[in-house]
Amino acid sequence: MKKTITAALALLMLSGAAGVYAATAGPATGNAQVVIIAPLTLTHNSGAKLDFGNVINTTAGTVTVAAKDGSVTTSGVTGQNGTTTADQFTVTGANGIPFTVSAPSTITVTSGANNMTINSVTSFCGTGATSSCVASAAGTAVGVGGTLAVSAAQAVGTYTGTYTLSITY
């Protein structure tokens, strides 16, 4: 009989007596949240334009207007004068949203059948380069500059054009 009780006890242990220790914990509650914010807006400032001033076309060269402050540098051209300005945009939205500016690589300006190309189009925002732009509810300034290529035989005229600027965030 001792062998029968020992065998029965061994069978009981092998057949799932370990399941006696299984248990479940009571339910717990988690939390979820989302905050919806308004999208950023990009606005062209009224009256602003990328302006290279007046250029006398006796020699070929370039006129560069800085995106940061509208300052001008020339190479090869003679007689650049007049008001030069970087184009100006404003980005508004929730404070602290980082964004990058995408400007075209070139801009074409025309006067009748004649055209010129603005190369090396650059942008600048707030107090830093385009890789560190941060939106604010008060508005973050974005400037656009570039380098105008002028030929020695460039036709006289007022050259104008448009371009598209965008932001990614």
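1. A detail to start with: Ser102 has Ser166, in β13, as its bridge partner. Strand β7 covers residues 98–102, runs antiparallel to β13 and is joined to it by three bridges. Two strands count as paired if DSSP finds at least two bridges between them.

2. Some ground rules before going on. This is a predicted model, in which local features need pLDDT of at least 70 and side-chain atom pairs count only at pLDDT 80 or more, while totals for chains, interfaces and linings use all residues. Residues are numbered from 1 along each chain as its sequence is written, and side-chain values use heavy atoms, with hydrogens and water left out.

3. Back to the sheet around β7. Its order is β11-β7-β13, an open sheet of three strands with antiparallel pairing. β11 (133–134) and β13 (166–168) are at the edges with a single partner strand each, so one side of each has no neighbour in the sheet.

4. On the overall make-up, the chain holds one helix and 13 strands. Helices (H or I, at least four residues) and strands (E, at least two) are DSSP runs numbered from the N terminus. Along the sequence, the pattern is α-β-β-β-β-β-β-β-β-β-β-β-β-β.

5. One backbone value is worth a look: Ser120 has a phi near 50°, which is positive although the residue is not glycine. Ser120 belongs to strand β9.

6. Among contacts (heavy atoms within 4.5 Å) between residues at least 6 apart in sequence, 70% join residues at least 24 apart.

7. The largest pocket has a volume of about 730 Å³. Of its 28 lining residues, Asp51, Phe52, Gly53, Thr158 and Tyr159 are the closest to the centre. A pocket here is an open set of points on a 1 Å grid where a 1.4 Å probe fits, with protein on both sides within 12 Å along at least five of seven lines, and lining residues have an atom within 4 Å of a point.

8. Which strands supply the lining of the largest pocket? β2 (54–56), β8 (107–111), β9 (114–125) and β12 (140–150) each supply at least two residues, and β2 gives the most, with three. By class, the lining has 15 nonpolar, ten polar and three charged residues; Gly counts as polar and Tyr as nonpolar in this scheme.

Terms used:
Points joined across faces, edges and corners; volume = space filled by probe spheres on them.
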